[in-house]
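These are my notes from an afternoon of looking things up in one structure.

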Amino acid sequence: MKRLGIVGCGAVARRYYAPALLKAEAGGKLKLAGAFDPDTRAAHRFLDDFPDASAEATLEGLLGIAHDQVIIASPPAFHREQAIAALRRKIPVHCEKPLATGVDDALAMIAEARRAGTRLSVNMVRRKLLSAQSIGSMMMLGSIGELRSIEIFEGGPFSWPVDSPAYFDPASGAVGVLDDLGTHILDLLCWWLGAATGITYCDDAMGGIAANCLIQASFGIATARIRLSRDWHRPNRWTLIGSEGLIVWNREDESVEAEVGSSRWRLSGAGSGQHQTFEQAFAAPIEAIANDSPDSAFVLAGDILPSLQAVEACKAVRTAMAMPWLK
Ligand SMILES: NC(=O)c1ccc[n+]([C@@H]2O[C@H](COP(=O)([O-])OP(=O)(O)OC[C@H]3O[C@@H](n4cnc5c(N)ncnc54)[C@H](O)[C@@H]3O)[C@@H](O)[C@H]2O)c1
């Protein structure tokens, strides 16, 4: 029976990890040994459903009882030190996104995993969605010809039930919507298309946290325009235009439509039974841990470096978004 520990007992732990862990425990191959959160109320609340697990007062205490796997779901500023502490004990780590607040931190974590000969995986949960996998396959097969342009809008008023202020704390390296949504979006694009080049980035932070940003980048010869918002809702949609057709990904219901010449193809949306839910996408790596699946079942830390580099490049070239109404 694998003994697993969780670090950070906030919104993502409660909403997604708790049900996935309960399901895995019922399968009899895995057991939550304990949790660590400096907010002991958060730890106890999370452990309500796990009466045999203990709330540990320190990370070291947790690492002493969770020998087989640690999930890191603390704010990103702590990922580096916590992952390295576990890896030094040769405990595999499954880390929430973003893996780290910068590329150097990620490289240090990856180097420690290599030294330890231990797995460091990242919860890039969107890679587990059927819609994202289908578009990735179409990109690989060149189904719409040569990709020319990508137009993305994602967002809506922020409604995630966070427990800590980390999302809104510039001192912890957060810049806003780029860390929250941008990490997922750049990860999918880099996964499908390779590294981004020629990045420009602007946002409306004005010294605080950005609710809106615009990322422009190239992927090969294709240009991407990515508009993200945390205060404006319009249909969340990706449009990929190629020399021979187009793909539209409706993020509102996860449906995907492709058009090539006179042929049309549609992957039905949520509720059609074709899609995993977000809950299932979160549960997939937990099942893989329980079943001792090979590393190929996980998104490994080294695989996400291009998207971390893209996020860092955005921060390096950051300018203020045009806000003519302020003049
Ligand atoms: N993969 C996804 O789609 C997804 C979705 C939501 C959140 N996340 C990620 O999960 C992580 C946590 O996000 P959240 O939404 O649960 O945030 P949250 O603010 O709700 O919870 C964070 C928790 O971490 C605790 N914490 C603070 N400092 C800590 C430390 N040093 N060690 C351990 N715990 C500490 C806080 O007390 C709090 O309980 C973030 O990295 C976030 O980006 C990923």
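Predicted model: local features only at pLDDT ≥ 70, side-chain atom pairs only at ≥ 80, totals over all residues.

**Entry 1: around the ligand.** Which residues come nearest to the ligand? I found 30 residues around it, and Asp37, Lys97, Trp160, Asp163 and Ser164 come nearest.

Then I looked up some polar atoms facing the ligand's oxygen atoms. Asp163 has a backbone N or O atom 2.7 Å from a ligand oxygen. For Tyr167, I found a polar side-chain atom at 2.9 Å from an oxygen of the ligand. Ser74 uses a polar backbone atom, and there the distance to a ligand oxygen is 3.4 Å.

**Entry 2: the two domains.** Next I checked how the chain is divided. The domain assignment gives domain 1 as 2-122, while domain 2 is made of 127-275 + 301-320. Their centres, taken over C-alpha atoms, are 27 Å apart. The contact draws 23 residues from domain 1 and 19 residues from domain 2.

How is the size of an interface often given? It is often given as the accessible area lost when the parts come together. For domain 1 and domain 2 I wrote down about 1500 Å² of buried area, with carbon and sulfur atoms giving 69% of it. On the domain 1 side, Ala11, Lys97 and Val103 lose the most area to domain 2, and together they make up 33% of what that side buries.

**Entry 3: charges across the interface.** How many salt bridges cross between the domains? I got two, and the search of the whole structure finds 22.

Which elements of domain 1 supply residues to the side that touches domain 2? I listed α1 (11-26), α5 (103-116) and β6 (120-122), each with at least two residues there. The largest share, five residues, comes from α1. Sorted by class, this side of domain 1 has 15 nonpolar, four polar and four charged residues.

**Entry 4: back to Asp163.** I kept running into this residue, so I looked up its salt bridges. The side chain of Asp163 meets that of Arg14, at 2.7 Å from N to O. This pair joins distant parts of the chain: Asp163 is in the loop between β7 (147-155) and α7 (177-193), Arg14 is in helix α1, and they are 149 residues apart. Asp163 also forms a salt bridge with Arg45, where the closest N and O atoms are 3.4 Å apart.

Entry 5: Is the peptide bond from Lys97 to Pro98 cis or trans? I read it as cis, with omega near -15°. Pro98 has its place in the loop between β5 (93-95) and α5. I also stopped at Lys90, which isn't a glycine but has a positive phi of about 65°. Lys90 sits in the loop between α4 (79-88) and β5.

**Entry 6: a look at Ala211.** Where is Ala211? I found it in the loop between β8 (197-203) and β9 (212-219). Leaving out its neighbours within four places in sequence, I listed its contacts as Val177, Asp204, Leu228, Ser229, Arg230 and Asp231. Last, I checked Ala211 against Asn123: they are 88 residues apart along the chain, and 23 Å separates their C-alpha atoms.

Technical notes. Residues numbered from 1 in each chain as written. Heavy atoms only, no water. Domains from an automatic or database assignment. Contact = heavy atoms within 4.5 Å. Buried area = accessible area lost by both parts, 1.4 Å probe. Salt bridge = Lys/Arg side-chain N within 4 Å of Asp/Glu carboxyl O. Helix = DSSP H or I, 4+ residues; strand = E, 2+ residues; numbered from the N terminus. Nonpolar A, V, L, I, M, F, W, Y, C, P; charged D, E, K, R; others polar. Near = heavy atom within 4 Å. Polar contact = N/O pair within 3.5 Å; in protein donor to acceptor, adjacent residues only side chain to side chain.
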